[in-house]
Amino acid sequence: MALITKAVRGTGDVLPSASYGWRYIEDTAMSVARDFGYHEIRTPVFEHTELFQRSVGETTDVVQKEMYTFNDKGGRSITLRPEGTAGVARAALEHGLFNQALPIKTSYIVSCYRYEKPQAGRLREFHQFGVEYFGSAEASADAEVIFLASLILKELGITGVSLHINSIGCPECRAEYQKALKAYLESQKDGLCHTCLDRLGRNPMRVLDCKSGECAKIAAGAPVIMDYLCGECRGHFENVKGYLEAVDIKYEIDTKIVRGLDYYTRTVFEFISDELGAQATVCAGGRYDGLTEQLGGPRIPALGFAMGLERIWIILQGKKESLPDPPRCEVYFISNGEQARKRCFAIACRLREGGIYADCDTVGRGFKAQLKYADKIGARHTVFVGDDELKTGRARIRNMETGDEEEVRLDSSLYTVLYNKSIDRQLADMAEMLNEASES
Ligand code: ATP
Ligand code: MG
């Protein structure tokens, strides 16, 4: 049956040839966040459906059209997480994290599920790196989170992204704005798409986010929220800008950024790439001061962002030099004869215990085929072990790139030889990097 060897539409595999790139992206994001005091949190792939209805919001596209919802065998309504924030907020409430010293700063890597039309940069199972910061209403917290996102993108070598920021106010000033927006949209009703006509009644701000060309034209003439912000929200936004300027983060004020999830308040932002076409937002986030209360907990001002890792991956595919090379076998032992095979096996295992990437034949190939294989996997060095080598305990290690050979002993001293070679290489790489840095 063909279905068995075909992944479900909108899902993808990360193959061994690409997984090093993915791990590099994830490790970089995690370690930059760690320097800001963010610690990893892991939550389940599925949650009670009500959690997302309450947090993401009943009127959003995500809840209305995109969730993977099903009843489990116990008759509970379960949903595969469409995003990471709700689960983290739920876990923080459930485990009383807010009773600890605030702020609580968390980071995560999650798979997310949304029933969307698959296309480049848009999948049904996709992955996010995200952070959630709980416990501050201060503008400096907004700036910290934004600075963190921009530093991760910078560390990954992603250029050509611009930061768009907006404020969508608090429930009070937003209500005023929504009234004005609704009146305007009513007057333009004839031009709106079907979905937006529906949005008009339930959640008019969503129209500003519509991808249809006609709606975008109408949105361009709509009243802007910035003109409706209350004094406090305006003050907060001014302070955020001030903090961003203090760390030289360039931004654009973009009143069209409203975010697709209902829990946002005040600051919202997106990092938009000029290299991705339609699916150009690589990172999106904002403040959600009302969420924990909405979920039945205390009011904890909070904010966060999520980065779409598939989109980051697409950008880095076009900048191969930004991705690390996959790890290479440091030494491959080529043996001739059963006794030599066993000796090679034992030495390779010892080296691995010491953290050196070593390999030898476990397939039963002849020595010529072993050599071919070592070449194919790009082993840096080979060591041949036959009867003579077994007798003398000495062998030659061959550098597969230069062809240079040197004599080594088939004992623990081999570890030192290989360790030193890898250190030499690391030092050379570092010197090259420093050189490049000082030239640019
Ligand atoms: P979009 O406007 O592209 O639909 P969104 O507003 O629905 O995005 P968020 O819910 O804010 O997206 O998710 C944060 C990030 O996750 C997005 O900026 C994007 O990089 C990524 N993302 C969202 N949906 C998908 C998807 N279906 N496939 C791949 N990445 C996605
Ligand atoms: Mg979306």
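Predicted model: local features only at pLDDT ≥ 70, side-chain atom pairs only at ≥ 80, totals over all residues.

Entry one, domains. I looked up the domain assignment, and it gives domain 1 as 16-170 + 230-322 and domain 2 as 331-426. Then I checked the centres of domain 1 and domain 2, taken over C-alpha atoms, and they are 47 Å apart.

Entry two, aromatic pairs. How many aromatic pairs does the structure hold? I got 11. I picked out Trp22 and Trp313 to look at. Their ring centres are 5.9 Å apart and the planes meet at 35°, so I have to call this pair tilted: stacked would need planes under 30 degrees apart, and edge-to-face over 60. I also looked up where the two partners sit along the chain. Trp22 belongs to helix α1 (residues 16-34) and Trp313 to helix α11 (residues 309-317), so to speak two distant parts of the chain, 291 residues apart, linked by this pair. Buried or exposed, these two? Both Trp22 and Trp313 come out buried.

Next I turned to Phe269 and Phe271. Their ring centres lie 6.2 Å apart with the planes at 85°, and that's why this pair goes down as edge-to-face. Phe269 is buried, and Phe271 is buried too.

The charged end of Arg124 sits over the Tyr115 ring, 3.9 Å from the ring's centre.

Conventions: Residues numbered from 1 in each chain as written. Chains lettered and ligands numbered in written order. Heavy atoms only, no water. Domains from an automatic or database assignment. Phe/Tyr/Trp six-rings, centres within 6.5 Å; stacked < 30°, edge-to-face > 60°. Helix = DSSP H or I, 4+ residues; strand = E, 2+ residues; numbered from the N terminus. Buried < 20%, exposed > 50% of the residue type's maximum accessible area, 1.4 Å probe, protein only. Lys NZ or Arg CZ within 6 Å of the ring centre and 35° of its normal.
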